[in-house]
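Colleague: I would like to learn how to read a model like this one. Could you walk me through it, feature by feature?

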Number of protein chains: 2
Amino acid sequence: MTIGVLGTGMVGIAIATKLVERGHKVVLGARSTSNPKAVEWASSVGPKGIAGSFRDAASLGEVIFNCIHGAGVLDSLHLVSAEALGAKLLIDVSNPLDFSQGMPPSLLHKGDHSLAEAIQEAFPYVKVVKALNTITAGVMVEPGHIPGDHDLFICGNDSDAKAQVSNHLQNWFGWKSIIDLGSLIAARGMEAYVLFWVQVMLAKGNPNFNIKVVS
Amino acid sequence: MTIGVLGTGMVGIAIATKLVERGHKVVLGARSTSNPKAVEWASSVGPKGIAGSFRDAASLGEVIFNCIHGAGVLDSLHLVSAEALGAKLLIDVSNPLDFSQGMPPSLLHKGDHSLAEAIQEAFPYVKVVKALNTITAGVMVEPGHIPGDHDLFICGNDSDAKAQVSNHLQNWFGWKSIIDLGSLIAARGMEAYVLFWVQVMLAKGNPNFNIKVVS
């Protein structure tokens with residue numbers, strides 16, 4: 001499969017690299033086609049990794065990962081255009097974090113909205129599924145780094161899309177326990193969770209953890 | 001010990017009832033001394049349960065639980081006065097939730113502050129420890145309702161106060177695994193977490209769950 005990954009931060013690079021390792025062709029999209037991180041990445045992973053624009057990644061990818069930093073998501077996606085995104089699966093990994101006051105970050109809103117919903121409203125035909133935003137990049141693509149049972153959360157308005165994403169996350173990254181939180185409104189909770197994640201990370205001193213829902 | 005519980009919602013009633021069962025004298029404080037829920041509660045639990053004003057609960061309690069609904073916390077505590085609170089332990093269970101748009105609630109802020117910090121700033125001598133706000137009332141006072149290991153989170157600026165609270169939560173309610181997230185700023189994460197909790201609760205259909213941090 002050809003997969004588009006938008007964003008060249010730690011998350012985009014981790015996802016793009018793991019997908020190439022799994023045998024997929026990956027277009028890593030940046031604002032500029034000469035983005036040094038994307039170009040360096042493509043040259044390091046061999047012929048299956050391609051550096052391109054956001055629009056290249058969205059047009060060529062059959063599935064799209066949105067790994068753009070939260071504050072820039074909507075502006076960047078508008079560079080892509082609705083045509084390029086079509087009615088594809090978009091796995092939204094972004095978090096609406098405001099680092100303008102340093103650590104800890106705050107949210108860009110009061111939890112009365114979410115980036116995932118904003119993307120869905122801006123691109124009504126895209127099948128947006130929120131996933132992977134609740135763990136660090138290394139755990140996203142290798143959940144076995146954390147021993148024992150722990151959970152991934154997803155949500156979205158299209159059940160078929162969520163089933164496909166669950167399969168992909170299982171096959172590509174090895175996720176075993178995926179909890180469907182319902183429609184995309186649940187992204188408000190998944191995104192607000194990240195403020196809690198930051199505090200656990202600061203207290204533990206490292207980001208290599210996840211949670212398990214116990215009942 | 002005499003314990004003051006501020007707030008007559010499900011959380012205040014659950015905590016007050018359990019503390020009476022444990023043999024403590026409990027003053028359940030409300031805005032008015034004739035609050036029907038407090039009066040009914042006091043008559044149902046026997047002589048160790050007393051209905052009073054917020055000020056009564058704060059003055060008579062050696063330890064105070066703040067279970068006032070988030071939007072009303074600061075106004076209500078100002079009815080109490082700094083004198084009545086003194087330099088006591090205040091266990092802050094409140095959540096900054098805005099239900100004005102119905103379910104799901106949003107936060108009263110962007111996670112750039114917390115109720116626990118606001119209380120600490122308003123009453124600098126009080127030893128504020130945030131705890132118990134991340135689970136439903138029944139689990140707060142009976143963690144064994146959820147089988148297996150799961151975690152409670154606390155934070156606060158005073159280490160001795162946190163140690164005392166940890167002991168109390170263990171002895172009074174049976175909490176075994178208590179994770180100290182550091183200074184009171186971590187309450188921003190603990191309070192934002194509740195938006196995630198709400199989504200898990202809606203997806204599961206009941207509030208009888210908690211999380212375990214896995215690493």
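Modeller: Gladly! Keep in mind that this is a predicted model.

Colleague: Which residue of β11(B) is the bridge partner of Lys212(A)?

Modeller: Lys212(A) has Lys212(B) as its bridge partner in β11(B). Also in β11(B), Ile211(B) is the bridge partner of Val213(A).

Colleague: How many of the residues of β11(B) are buried?

Modeller: Here a residue is called buried if 20 or more other C-beta atoms lie within 10 Å of its own. Four of the five residues of β11(B) are buried, so this strand is largely enclosed by the rest of the structure.

Colleague: How should I think about two copies of a chain in general?

Modeller: Two copies of a chain are related by a rotation about an axis and a shift along it. In this model, chain A is superposed on chain B by a rotation of 180 degrees with 0.0 Å of shift along the axis, and the RMSD is 0.0 Å. The two copies are thus related as by a two-fold rotation axis.

Colleague: How many residues of each chain are in contact with the other?

Modeller: There are 37 residues of chain A in contact with 37 residues of chain B. The elements of chain A that each supply at least two residues to the side touching chain B are β7 (106-107), α9 (187-204) and β11 (210-214). The most comes from α9(A), with 13 residues. Sorted by class, that side of chain A holds 19 nonpolar, 12 polar and six charged residues.

Colleague: Why can one say that the copies meet through the same surface?

Modeller: Look at the interface residues of chain A: 100% of them are also interface residues in chain B, so the copies meet through the same surface.

Colleague: Let us turn to the helix, then. What can I read from the length of α9(A)?

Modeller: Compare its span with the expected one. α9(A) has 18 residues and reaches 25 Å from its first C-alpha to its last, close to the 26 Å expected at 1.5 Å a residue. Next, look along the axis: α9(A) bends by about 25 degrees at Leu195(A). Of its 18 residues, 14 are buried, so α9(A) is largely enclosed by the rest of the structure.

Colleague: What follows α9(A)?

Modeller: Gly205(A) comes after the helix, and its phi is positive, near 90 degrees.

Colleague: And how do I read a strand inside one chain?

Modeller: Check burial, side-chain direction and partners in turn. Strand β9 (residues 152-156) of chain A is mostly covered, with five of its five residues buried. Leu152(A), Ile154(A) and Gly156(A) point one way from β9(A), Phe153(A) and Cys155(A) point the other way, and all are buried.

Colleague: Which strands are joined to β9(A)?

Modeller: Strand β8 (residues 127-131) of chain A is joined to β9(A) by three bridges, running antiparallel. In that pair, Ala131(A) stands opposite Ile154(A). Three bridges also join β9(A) to strand β10 (residues 178-180) of chain A, which run parallel. There, Leu152(A) stands opposite Ile178(A).

Colleague: What do I find for β9 in chain B?

Modeller: β8 (residues 127-131) of chain B is joined to β9(B) by three antiparallel bridges, and β9(B) pairs with strand β10 (residues 178-180) of chain B in the parallel sense over three bridges. For one example from each pair, Lys130(B) has Cys155(B) as its bridge partner, and Ile154(B) has Asp180(B).

Colleague: Is the phi of Leu132(A) positive or negative?

Modeller: Positive: phi of Leu132(A) is near 75 degrees, in a residue other than glycine. Leu132(A) is found in the loop between β8 and α7 (137-140) of chain A. With 27 other C-beta atoms within 10 Å, Leu132(A) is buried.

Notes: Residues numbered from 1 in each chain as written. Chains lettered and ligands numbered in written order. Predicted model: local features only at pLDDT ≥ 70, side-chain atom pairs only at ≥ 80, totals over all residues. Least-squares fit on C-alpha atoms with pLDDT ≥ 70 in both. Contact = placed C-beta atoms within 7 Å. Nonpolar A, V, L, I, M, F, W, Y, C, P; charged D, E, K, R; others polar. Pairing = 2+ DSSP bridges. Expected span 1.5 Å × (residues − 1). Bend = angle between axes of the 7 residues up to and from the residue. Buried ≥ 20, exposed ≤ 12 C-beta atoms within 10 Å, placed from the backbone.
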